[in-house]
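Open the model in your viewer and keep the selection panel at hand. Each stop below says what to pick and what is there.

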Amino acid sequence: MSTQVYLAQARASPNAQDCMALYDKWAATYNKEVGDEKQNYVAPVIVAQVALQSSKNPARSVILDAGCGTGLVGQALAIGGVKSIDGLDLSGPMLLEAKKTGTYRNLAQADMNRRIEKPDDTYDVVTCVGTFTAGHVGPDPALRELIRVTKRNGIVISTILEEIWESGGFKAEVEKLEAENLVTVVSDGLIDYVKGRGDKAVLAVLEKVDHV
């Protein structure tokens, strides 16, 4: 099956189970295919760079890679000096590929449409790339959960496919979180996502508010 077909089917997945089954089949060839020049999946490196810039001391930061897939973000973070990275993903085979990279401290299977089994205020930075897209994970409770597990003054960096930023309720959810004084919106501009396809994504950078 071609990358174009996998992507189309992934974005059309009617539920989490179908989405997981597709990624289970795609896991072994995923990195090669999305890294191909025709696809040029640049989002993981862009997000890792923002995460590194957001950290005062990458070597001492504890980072959660939510929706880690095969570990593309984790590898980029490790190259930048991060030593403590945890990963979550719905697909077991994807997690096995991520484990092979040797960059993750802990890996766990998780459905981000539900509560994340992590304590409050655990991570300095949370990244989430390729998960907030059509047919995958919605904004609620996922964004709120990512904020919950982030330390005060910590940063959540997420990509949201441009076409669902408003229609999928992500813009409204970010505004709601800001109105509740849970986050400050650092930025929400467009970036290249799957550059070879011309896909764009909103890069939402949220800082968790330090309540007194």
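Start with strands S4 (123-132) and S5 (150-161): each supplies at least two residues of the lining of the largest pocket. S5 gives the largest share, 5 residues. Strands (E, at least two residues) and helices (H or I, at least four) are DSSP runs, numbered from the N terminus. A pocket, on a 1 Å grid over the protein atoms alone, is an open set of points where a 1.4 Å probe fits, with protein on both sides within 12 Å along at least five of seven lines; lining residues have an atom within 4 Å of a point.

This is a predicted model: local features need pLDDT of at least 70, side-chain atom pairs count only at pLDDT 80 or more, and totals for chains, interfaces and linings use all residues. Residues are numbered from 1 along each chain as its sequence is written, and side-chain values use heavy atoms, with hydrogens and water left out.

**The pocket.** The volume is about 220 Å³, taken as the space filled by probe spheres set on the points, which are joined across faces, edges and corners.

**Ile 157.** Next, pick Ile 157. It is among the residues with the most contacts inside the largest nonpolar core, which has 56 residues. Such a core is a set of buried Ala, Val, Leu, Ile, Met, Phe, Trp, Tyr and Cys residues joined through side-chain atoms within 4.5 Å. Beyond four places in sequence, the contacts of Ile 157 include Val 47, Ser 54, Thr 127 and Leu 203. Contact means heavy atoms within 4.5 Å.

**Thr 127.** Move to Thr 127, in strand S4. Thr 127 is buried because its relative accessibility is 0%; the cut-off for buried is under 20% relative accessible area (1.4 Å probe, protein chains only). Leaving aside neighbours within four places, contacts of Thr 127 include Ala 51, Ile 63, Asp 65 and Ile 157.

**Helix H7.** Now select residues 170-179. Which residues of helix H7 are buried? They are Phe 170, Glu 173, Val 174 and Leu 177. Seen down the axis of H7, these fall within an arc of 100°, so they line one face of the helix. The arc is that of the directions from the helix axis to the C-beta atoms. Their cover includes S4, H6 (142-148), S5, S6 (183-192) and S7 (200-208). Just after H7, stop at Asn 181, where phi is positive, about 60°.

**Zoom out.** The protein has 7 helices and 7 strands.

Notes:
Buried < 20%, exposed > 50% of the residue type's maximum accessible area, 1.4 Å probe, protein only.
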